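Please consider the chain shown here and the report on its fold that accompanies it.

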Amino acid sequence: MGRRVGIVLALVAGLMLAGCSEDWGVDQHGRPVTAEQLEGQWLVINYWAEWCSPCRSEIAQLNALAEQQQGRGVRVVGVNFDGLQGAELARASEALGIRFGVLAVDPAERLQLPPGEVLPVTYIVDTRGRLRERLLGEQTAAGLAARLQALRGEGS
């Protein structure tokens with residue numbers, strides 16, 4: 001009987017801790033990005049910079065992907081490679097026409113993403129927070145949607 005109580009307590013503690021995931025900071029508008037918004041979703045994480053020409057031209061594709069995938073368990077998020085914060089991040093995001101969320105806090109350590117040596121770089125992370133794909137260079141909405149469909153079809 002004592003063993004069952006221990007198992008039940010361990011399960012309850014695990015469930016309570018699972019519900020207490022850390023939030024992801026704020027977006028380019030200073031709005032909180034909660035764990036509930038991103039965890040359990042497929043994430044398309046794009047690193048960009050204002051000075052990167054391919055980054056600038058792929059923003060429209062990422063906007064389209066974000067709109068296409070809305071409500072389908074996929075979130076597109078950006079990260080500024082130069083670590084811009086606050087008003088600078090908001091200004092740069094607006095100047096590039098970014099309509100998806102841009103994280104002010106780089107999630108690379110949290111998700112154990114390998115460092116990006118070139119820009120743009122896009123990571124696809126599954127619902128369990130595991131890196132599934134690292135894509136270098138400019139991406140298209142159609143190409144990313146196809147990769148997501150293939151990866152999701154693998155039973156993740």
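Predicted model: local features only at pLDDT ≥ 70, side-chain atom pairs only at ≥ 80, totals over all residues.

Residues are numbered from 1 along each chain as its sequence is written, and side-chain values use heavy atoms, with hydrogens and water left out.

**Overall make-up**

The secondary structure comprises six helices and five strands, where helices (H or I, at least four residues) and strands (E, at least two) are DSSP runs numbered from the N terminus. Read from that terminus, the elements follow the pattern α-α-β-α-β-α-β-α-β-β-α. Of the 156 residues, 36% count as buried, that is, under 20% relative accessible area with a 1.4 Å probe and protein chains only, while exposed means over 50% and partly exposed lies in between.

**The sheet**

The five strands form an open sheet with mixed pairing and the order β3-β2-β1-β4-β5; two strands pair if DSSP finds at least two bridges between them. Its edge strands, β3 and β5, each pair on one side only. Strands β1 and β2 pair in the parallel sense over seven bridges, and V44 has V76 in β2 as its bridge partner.

| Strand | Residues |
|---|---|
| β1 | 42-48 |
| β2 | 74-80 |
| β3 | 101-103 |
| β4 | 121-125 |
| β5 | 131-136 |

**Packing of α3**

Helix α3 lies across β1, β2 and β4, running at about 165 degrees to β1; axes here are lines fitted to C-alpha atoms, for helices over the stretch in contact, and angles run from 0 to 180 degrees between N-to-C directions. The axes of α3 (residues 53-69) and α6 (residues 141-153) come within 8 Å and cross at roughly 45 degrees. The two helices are therefore oblique to each other, given that angles under 35 degrees count as roughly parallel, over 145 as roughly antiparallel, 65 to 115 as roughly perpendicular and the rest as oblique. In α3, Q61, L62, A64, L65, Q68 and Q69 meet A141, L144, A145, L148 and R152 of α6, contact meaning heavy atoms within 4.5 Å.

**Local backbone**

Most residues other than glycine have a negative phi, and most peptide bonds are trans. Q112, although not a glycine, has a positive phi of about 55 degrees, and Q112 is exposed, with a relative accessible area of 69%. The bond joining L119 and P120 is a cis peptide bond with omega of about -10 degrees. Q112 lies in the loop between α5 and β4, and P120 lies in the loop between α5 (108-111) and β4.
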